[in-house]
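Work through these exercises with the model open beside you. Try each task before you read its solution.

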Amino acid sequence: MTDGPILSITGVHKSYGAYPALKGVSLDVRPGEFIALVGPSGCGKTTLLKQIAGFEDTTSGTIRIEGQDMAGVPAALRPTSMVFQKLALFPHMTVAQNIGFPLKLRKVEPRAIATQVEEMIRLMELKPEYLTRYPRALSGGEQQRVALARSMISSPKLLLLDEPLSALDVKLKKVLQAELKRLHRSVGVTFVHVTHDLEEAMMLADRICVMRAGKILQLGEPADIYYRPADPFVAGFIGETNLMPITVTGRNADRVTYTSSEIADAQASLPASLVAADVGQGAALMNVRPELIRRCDKDADVDCKLPATVTEVFTKGGTVQYRARSRQGHELAIEIQGASHLPMQLGEDVWLGWSKKEIWVLKPGEA
C-alpha cells in the first residue's frame, strides 16, 4: 500500500473524434475516501469513471492506482469493480451464482466461493433464502444489494458507482443511501460515485467533485462546496441560492468594503475570510443560501436586509419555500422550517434579513 493517494489522475484528456469529453482532468483520491462526481449531463462524469475502470483508453494523461500506471492494463486486471445504473444481473443465474460470478471467473474453488457468497449476503443484509432465487423474484432494492455484493466479493481497491440508485423510488433510495454509507464505513473500500442527486452527494461523500464541460470546477468537502462555491455555476448547481450583486470598493488583509443599491448594511464591510481570494474592486456577487434568510422588521438589528414582495409560497411539509422580488426586480429564494402558521403571505410586502456569518462573496461569471 502506497502512502500517497490510492487513485491519482493527472492531465487526462478524452476525445471522441472532434468532441473533447475530458479536458485535462487531474484528481487525487485518498485511501478509504468516498468521493462523489457531480455535474450536468454530458460534463464527463461517466467518461471519467470508464477511464478509471479501464473500459476506455485515455487520449492523453495518466491514471495511477496505488502508484501503478494503468496505461495498457485491461479492465479485468485492474483492482476496481463497477456498479452500473442498469445493474446487469444475469437473469438466468441465481442470486448466489450472480454474486459469486467474479470469483468463478478467477477459478476460485467452489466451496470457497460459497463461503464468500454467504459472507456477502450477511454484509448486504439479504436473507439467506434469496440465494436460490433469480433476480426477477427480487425487489429493485434487493437487486441493488445483489449488484453491490457482486461488485464487492472480489475485494476491489476501488468501487466505482455509476448512478446505481437513480432508477429507484424516493423512499427506497433513502434506505439504500443509508446502506451505502454503512457499507463504506464497514468495508473501508474507496468509493468513486457518479450521481445527479445533489442531496445524495452531500449526504454520502467525504468530498464532492463538481464537473462541467469536461473540466473540474471545484473539489472539496460538502460544506465547502455548498457555502464556499468557486463560481456562480457551482453555487447554483449544488443547491438553490441567491446571488446578489454588490460592488467591492476596497480590500485589505482583514476587511473588504462594498456598496449595494438595495442591501441595507450600516457597516458595508465584510471580513476578508468571507470573500474569495480572486475578488478585487468592482462587480461581485454575494451568495446567500435560502435557509439563511428570515423575515425581519425594517428597523431590526441584522447584518443585511432589504425590502421585497412575496411572489410564491410552496409548502413541503417539513419546510416552506418562498419566492420574493426585491424593489429592483431581483428574485430571491427563502426556505424556513415548516410551521402551522406561515410567517409570510403571498403578495405581502416584507423586509428580509440575514447574518453575514455564512455568506460568501465571489466573482461574477456564467451561472
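**Exercise 1. The two domains**

What is the area buried between domain 1 and domain 2, and what percentage of it do carbon and sulfur atoms give?

Solution. Start with the source. This is a predicted model, in which local features need pLDDT of at least 70, side-chain atom pairs count only at pLDDT 80 or more, and totals for chains, interfaces and linings use all residues. Residues are numbered from 1 along each chain as its sequence is written, and side-chain values use heavy atoms, with hydrogens and water left out.

Step 1: find the parts. Domain 1 covers 7–232, and domain 2 covers 233–294 + 303–362. Such bounds come from an automatic or database domain assignment.

Step 2: recall the idea. The size of an interface is often given as the accessible area lost when the parts come together. Buried area is that loss, found with a 1.4 Å probe and summed over both parts.

Step 3: read the value. About 1,700 Å² is buried between domain 1 and domain 2, and carbon and sulfur atoms give 67% of this area.

Step 4: In domain 1, 19 residues are in contact with 20 residues of domain 2 (contact means heavy atoms within 4.5 Å). The C-alpha centres of the two domains lie 37 Å apart.

**Exercise 2. The chain as a whole**

Describe the chain by its elements, its box and its buried share.

Solution. Step 1: count the elements. The chain has 8 helices and 20 strands. These are DSSP runs, numbered from the N terminus: helices are H or I with at least four residues, strands are E with at least two.

Step 1: take the box. Along the principal axes, the C-alpha atoms fill roughly 75 × 50 × 40 Å.

Step 2: take the buried share. Of the 367 residues, 48% count as buried. Buried means under 20% relative accessible area, exposed means over 50%, and partly exposed lies in between (1.4 Å probe, protein chains only).

Step 3: look at the contacts. Among those with a separation of 6 or more, 66% come from residues 24 or more positions apart.

**Exercise 3. Ring pairs**

Is the pair of Y226 and Y227 stacked or edge-to-face?

Solution. Step 1: state the rule. Rings of Phe, Tyr and Trp (its six-membered ring) pair if their centres lie within 6.5 Å; planes under 30 degrees apart count as stacked, over 60 as edge-to-face and the rest as tilted. The structure holds 4 such aromatic pairs.

Step 1: apply it. Y226 and Y227 are 4.7 Å apart, centre to centre, with 90° between the planes, and the pair is edge-to-face. Y226 is buried at 15% relative accessible area, while Y227 is partly exposed at 22%.

Step 2: compare another pair. The ring centres of F233 and F237 are 5.5 Å apart and their planes are at 15°, so this pair is stacked. Both residues lie in helix 8 (residues 232–237), 4 residues apart, about one turn of the helix. An α-helix has 3.6 residues a turn, so residues three or four places apart point the same way. F233 and F237 are both buried.

Step 3: look for a charge. The charged end of R289 sits over the ring of Y226, 4.0 Å from its centre. The rule asks for NZ of Lys or CZ of Arg within 6 Å of the ring centre and within 35 degrees of the ring normal.
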